Amino acid sequence: MAALSDFRLLRPASAADAVRLRGEHPASRFLAGGTDLLPNMRRGLVTAEAIIDLGGVAELAELRVVDAALHVGAGVTLATLAADPVVQARLPALAQAAASVAGPTHRTAATLGGNLCLDTRCMYYNQSEPWRHAIQNCMKIAGDTCRVATKSDRCWAAFSGDVAPALLALDAEVQVLGPQGSRRLSLADFYRDDGMAWLSLAADELLVSVRIPLTDGWVSAYEKLQVRGAIDFPLTGVAVALRREGDLIGDLRVACTGVSSRPELIGGLESLAGKPFDDAALALVEKQIKRGTQPMETTVINVSYRRRVTPVLAKRLLRRLWQAAA
Ligand SMILES: Cc1cc2nc3c(=O)[nH]c(=O)nc-3n(C[C@H](O)[C@H](O)[C@H](O)COP(=O)(O)OP(=O)(O)OC[C@H]3O[C@@H](n4cnc5c(N)ncnc54)[C@H](O)[C@@H]3O)c2cc1C
């Protein structure tokens, strides 16, 4: 990897200061744990003349329960999140997803905000400069060809963060601060299906916090497929949240990562509310996952395997949760 190029380091003390500095320095980037940004800068994937270090912004480190919801500041580390007793007891999918990111050392620095704003990934993009130069680069960094789908007019890089699908299944919303003030949006609306512009966040907007409802009666879980047991992005990952009403499904949400340019909340499952948990229900889950995701050749495992294994993970989790909820 190449050395980091020089940059100015700016240290805001508040979220408002961070947004102001971002506006004043158009060629800057927010830095949280730096576990994605800094490797990307060393690879020449990201350039920045100034780095806005969010480490001193106290409001981003808040983690508290307010009005039957957990509020997590964007600067809370994944290690803290995974070990939090409320998260472990009430939001197990979130605890499991946070604990599955990279390795223990990364998780002590890596933050929730950095994980949700993670750059999209592709085997033609996440390479050294000489490697990329040898293939004349790709659309995401330079030029107009997506190496994954050379005839396509869009970039197919995949969103591969572990935590977003868990939060989608748990019905989270995010709070964002920009020069015009603060706004709230559902986590689903925070993402766009575009490998180059995957966040509906303006460059000078800061992700401040995530709100997750603590609703009784739900069980949840997250599982990912990875080449190695640790320090590996998901080739595909699935989060499931389920509410059981006796022998019937009360409610069900499924979300996936690694298989589209955004984390996908799987649509078309509302009709399962009030239905029995049987083969027909699981067949619908499989059909909707296949319909709602589009794995491409962005990673080392082939597309047809990832297409088949994603619903397998979902159905396995659902069977487990159904028993647990009895
Ligand atoms: C070897 C290795 C293995 C990894 N494995 C995984 C894995 O298994 N799963 C996984 O999900 N990730 C993995 N990662 C990626 C990364 O470590 C994590 O996603 C981590 O959570 C990123 O958080 P961070 O705080 O370090 O983000 P940073 O690197 O600081 O930031 C990431 C991006 O988010 C932006 N950003 C950060 N905070 C905010 C904010 N509050 N508002 C707006 N923008 C913001 C930054 O500007 C940057 O563009 C891995 C990385 C490495 C190096």
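The side chain of S182 makes a polar contact with the side chain of Q175, at 2.7 Å. A polar contact here is a pair of N or O atoms within 3.5 Å; within protein, one must be able to donate a hydrogen and the other to accept it, and residues adjacent in sequence count only if both atoms are side-chain atoms. Before we go on, note that this is a predicted model, where local features need pLDDT of at least 70, side-chain atom pairs count only at pLDDT 80 or more, and totals for chains, interfaces and linings use all residues. Residues are numbered from 1 along each chain as its sequence is written, and side-chain values use heavy atoms, with hydrogens and water left out.

Let's stay with S182 for a moment. You will find S182 in strand β7, residues 181-186; helices (H or I, at least four residues) and strands (E, at least two) are DSSP runs numbered from the N terminus. Leaving aside residues up to four places away in sequence, S182 touches Q175, V176 and L177, where contact means heavy atoms within 4.5 Å. S182 is partly exposed, with a relative accessible area of 46%: buried means under 20%, exposed over 50%, and partly exposed in between, using a 1.4 Å probe and protein chains only.

Now let's look inside. The largest nonpolar core has 46 residues, of which L81, L94, L116, L167, F190 and I212 touch the most other members. Such a core is a set of buried Ala, Val, Leu, Ile, Met, Phe, Trp, Tyr and Cys residues joined through side-chain atoms within 4.5 Å. Helix α9 gives the most to this core, with six residues. Another core, of 27 residues, lies apart from it and includes I249 and L252.

L94 also belongs to the buried residues of helix α5 (92-99), together with A93, A95, A97 and A98. These buried residues pack against several elements, among them α3 (78-83), α9 (163-169) and β8 (206-213).

Finally, meet the ligand. It is surrounded by 33 residues, and the closest are F30, T35, T111, D162 and D232; to count, a residue needs a heavy atom within 4 Å of the ligand. A polar side-chain atom of D162 lies 2.7 Å from a ligand nitrogen atom, while a ligand oxygen atom is 3.0 Å from an N or O atom in the side chain of K224. The elements giving two or more residues to the shell around the ligand are β2 (28-31), α7 (112-116) and β8.
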